[in-house]
Amino acid sequence: MKKFDANAAAPSDSGIFGLPYSIEEARLVLLPVPWEVTTSYGRGTANGPRAISRASKQIDLFDMELGNFFESGIAMLEESLDIQKWNQAASQLAQKIIAAGGIDSNPKLQEIAVEVNKYSAKLNEYVYTTTKNLLAQGKRVGVVGGDHSTPFGAIQAFLEKYPAMGILHFDAHADLRAAFEGFEYSHASIMHNVIEKTALKKLVQVGIRDFCEEEFNYIKNSNQRVTTFFDTTLSEQKLNGVCWAAICVDIIQCLPQEVYVSFDIDGLDPRFCPHTGTPVPGGLDLREALYLIKQVVQSGRKIIGFDLNEVSPGNSTLSAIADSAAEWDANVGARLLYKLCGWILVN
Ligand SMILES: [Mn+2]
């Protein structure tokens with residue numbers, strides 16, 4: 001480990017959060033996934049990991065709640081050049097389908113969708129294998145997207161190690177659509193894929209406020225496998241004077257002992273993520289989300305892994321981010337990421 005002063009500014013050659021740890025030294029390894037093949041609305045989340053990494057260096061490491069947890073070691077892997085290449089190639093293909101509003105019954109577009117799905121399968125395999133190897137080495141792992149399709153392979157690897165785990169899912173969207181626009185691994189289908197293709201026992205969703213009737217019925221007919229705390233309900237409870245702490249007890253009761261957190265930044269009020277791909281009015285305050293995560297740990301449950309996704313610096317080029325309004329999204333993302341790292345390292 002290099003010489004390091006936690007109270008000083010981050011050296012320019014430092015890692016995530018300005019820390020000096022190598023992957024070997026780190027107890028927690030972050031896996032960046034620069035991927036946004038199926039995003040349809042605002043673009044830019046493939047730059048999320050780099051923007052977060054840049055913004056992370058200005059964070060004060062000492063944490064009043066969690067102390068100097070960073071001393072366990074946190075490091076971020078280099079972005080895979082393969083993923084960057086696949087993302088570019090598959091995005092170009094996918095845009096043809098997105099521009100047409102889905103594959104419909106157009107055979108040419110169906111062929112393109114097959115190609116896109118192959119790229120997504122390659123990505124899933126990469127994320128799965130990388131996560132599995134890190135877990136086998138005794139590391140803690142967090143995925144940094146990219147769009148919300150990115151953690152699928154990681155969730156598979158976590159389920160192999162923690163078959164009884166549940167997922168606490170922050171999002172504006174239910175993400176329960178089957179192959180949205182013809183993409184098997186669409187960002188809007190991540191939880192549908194998790195429910196249909198894995199043995200996950202429990203999915204608990206919070207902040208959901210944008211969903212179609214099919215998704216609503218899917219939740220209703222899930223036999224309690226999916227429990228959704230809709231934003232409308234949460235907001236009304238709060239307006240009626242129910243305190244957030246009591247609401248958190250209700251949410252946490254639904255979770256098993258081991259909890260994986262899947263955090264789509266757009267679960268928060270869009271003032272925290274104005275450039276995210278599909279912002280929706282309403283949502284949680286950052287403090288409410290952090291309080292809920294803290295209460296999960298305080299309840300005696302264990303956070304075993306996480307992903308943070310859909311953080312986007314918008315369409316600004318990466319070199320312009322530092323000076324642009326888009327820096328804000330990465331700034332919030334980096335702070336949320338640091339807290340997620342903290343809660344995973346202390347328990
Ligand atoms: Mn979302």
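Is Phe4 buried, exposed or partly exposed? Phe4 counts as partly exposed, because its relative accessibility is 25%, where buried means under 20% relative accessible area, exposed over 50% and partly exposed in between (1.4 Å probe, protein chains only).

## Basis of the model

This is a predicted model, in which local features need pLDDT of at least 70 and side-chain atom pairs count only at pLDDT 80 or more, while totals for chains, interfaces and linings use all residues. Residues are numbered from 1 along each chain as its sequence is written, and side-chain values use heavy atoms, with hydrogens and water left out.

## Aromatic pairs

Ten aromatic pairs are counted; rings of Phe, Tyr and Trp (its six-membered ring) pair if their centres lie within 6.5 Å, and planes under 30 degrees apart count as stacked, over 60 as edge-to-face and the rest as tilted. Phe4 and Phe70 form an edge-to-face pair, at 6.3 Å centre to centre with 75 degrees between the planes. Phe70 is buried, with a relative accessible area of 2%.

The rings of Phe211 and Phe230 are tilted, since their planes stand at 50 degrees, with centres 5.0 Å apart. Phe211 is partly exposed at 32% relative accessibility, whereas Phe230 is buried at 14%. Phe17, Phe69 and Tyr338 form one aromatic cluster.
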